[in-house]
Amino acid sequence: MRQLGEKYQKYVYAGVTGFLVIAAALFLKLILDNLGAIRGVLAAVNAALSPVYIGLILSFLLSPLVDKADRYIFLPLFGKITKKEKTARNAARGCSVAVVLILALLVLFGLIMMVVPEVVRSITSLASNLPTYYRNLVAWGNRQFQSNPQLAEYFTEFSGSLYKKLLAWLQNDILPNSNKLLSALTDGVVNALNVILNFIIGVIISIYLMFGKENFCAQAKKLMYAVFPVKWVRGFLVMLSETHTVFAKFISGKLVDSLIVGILAFIIFNIADIPYTILVSTIIGVTNIVPYFGPYIGTIPCAVLVLIANPMKGLMFLILVLILQQFDGNILGPKILGDSIGLKSFWILFSILFFGSLFGLVGMICAVPVFAIIYRWIKRWCNQKLMKKGIPTETVYYRTLPGRRK
């Protein structure tokens with residue numbers, strides 16, 4: 001009887017495997033047939049979780065400041081007031097979270113109130129003055145190329161095509177939305193109540209996360225140790241720690257770097273009397289958040305705007321932006337970011353193109369730290385395998401190593 005069971009055991013395994021394969025195929029077909037409904041459900045879930053995303057982002061960005069306020073200000077202060085360590089820690093954390101969050105919201109609100117109205121006014125002025133700028137640009141081109149009528153004709157055709165596209169973009173897309181935004185800020189008309197509500201809920205969630213982040217992390221570790229093998233959990237926690245370190249250094253450093261670049265651009269352009277100083281400075285600062293391609297993404301439309309308003313100022317603008325980018329790329333950026341990424345230029349370019357094509361602007365911003373983590377994991381895994389085989393891990397060793405036997 002036992003031999004009979006062993007004889008048919010392989011058929012049982014084959015039958016179970018076939019059943020599972022058929023069930024998986026039917027499940028996949030069900031998903032594909034109802035892909036639209038699934039997307040709708042995922043979109044609804046994503047919209048419902050948007051306050052959580054806001055809370056996570058705020059707590060991630062502000063947690064380093066909360067830790068510093070805890071360590072250097074409030075914890076020593078409350079340590080002198082009360083001898084109970086738990087009471088002192090809770091009071092210090094509450095004050096740190098409150099102070100840091102209030103300061104961050106005040107800075108954000110102040111920047112919005114200072115920058116957004118001026119940017120909207122610049123866009124409105126640009127839309128109204130664009131026909132005059134276009135006529136002046138054509139007249140300037142005719143004077144410059146008067147010795148070459150064919151080149152002057154090409155310049156007129158190119159500038160005319162550019163003018164029509166820019167005017168349509170301003171009048172149909174940018175100007176209506178900017179006027180709505182300005183009305184919401186100046187008149188107190190809330191056109192996006194859902195966004196405001198989500199942001200408020202996100203702020204509340206961030207308060208809970210920043211106040212009890214150590215407890216939340218401990219609970220997550222406890223759950224992982226209970227469910228998975230200890231070796232797996234330890235390796236996963238090391239990966240999470242490295243990921244947090246790289247993301248924290250890169251994102252916070254990039255935000256500070258872009259803010260400084262925007263302020264420097266405003267000062268330099270204001271001194272040089274560049275048209276629409278606040279508008280172009282804001283665009284340069286914001287697009288600088290995107291690694292590698294950001295400066296070009298911001299420079300090209302700004303150069304077109306300034307060139308149309310004043311051709312000579314447009315050339316001056318390009319020279320000043322080139323100097324500013326060299327300063328940021330060679331001095332300011334490395335000073336702030338340091339060696340937190342550890343990637344060569346090729347891999348930075350590859351990661352931005354790859355993740356940008358998959359996830360758009362968010363993918364371009366997060367591409368470098370994500371790929372840096374993947375690169376570290378692959379490098380560490382490769383080195384461990386080589387060490388087990390007794391082979392050197394230095395890349396220089398393999399440069400002169402023959403690829404095949406002769």
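The model is predicted, so to speak "with conditions": local features need pLDDT of at least 70, side-chain atom pairs count only at pLDDT 80 or more, and totals for chains, interfaces and linings use all residues. Residues are numbered from 1 along each chain as its sequence is written, and side-chain values use heavy atoms, with hydrogens and water left out.

Let's start with charges. Side chains of opposite charge can pair when their charged atoms come close. I'm calling something a salt bridge when a side-chain nitrogen of Lys or Arg sits within 4 Å of a carboxyl oxygen of Asp or Glu. How many salt bridges does that rule give? The count is four.

One of them pairs K213 with D67, at 2.6 Å from N to O. That pair ties together distant parts of the chain, with K213 in helix α7 (residues 213-227) and D67 in helix α3 (residues 50-81), 146 residues apart. For helices, by the way, I'm using DSSP runs of H or I, at least four residues, numbered from the N terminus; strands would be E runs of at least two. Is K213 buried or exposed? My cut-offs are under 20% relative accessible area for buried, over 50% for exposed, and partly exposed in between, with a 1.4 Å probe and protein chains only. K213 counts as buried because its relative accessibility is 17%, while D67, at 29%, is partly exposed.

Next, look at R93. Its side chain meets D70 in a salt bridge, again 2.6 Å from N to O. Here R93 is in helix α4 and D70 in helix α3, 23 residues apart. R93 is buried, with a relative accessible area of 9%, and D70 is buried too, at 9%.

R93 also meets E214, at 2.9 Å from N to O. E214 belongs to helix α7 and R93 to helix α4, so this pair links parts of the chain 121 residues apart. E214 is partly exposed, at 43% relative accessibility.

Now, cysteines. A disulfide here is a pair of cysteine sulfur atoms within 2.5 Å, and the count comes to zero. For anyone wondering about C95 and C382, both are partly exposed: C95 has a relative accessible area of 27%, and C382 has 34%.

On to helix α9, residues 277-287. Its buried residues are T277, L279, V280, S281, I284, G285 and T287. What covers them? The cover includes α4, α8, α10 (294-309) and α11 (311-337), where contact means heavy atoms within 4.5 Å.

Last stop, the surface. V107, L111, M114, L259, I263, F266, I267 and I271 form a nonpolar patch with about 780 Å² of accessible area together. Patch members have over 30% relative accessible area and no salt bridge; nonpolar side chains (Val, Leu, Ile, Met, Phe, Trp, Tyr) are joined within 5 Å, like charges within 9 Å. Areas come from Shrake-Rupley with a 1.4 Å probe, and for residues only the protein chains shown count as cover. Which helix gives the most? That's α8, with five residues. M114 lies in α4 and is exposed, at 57%.
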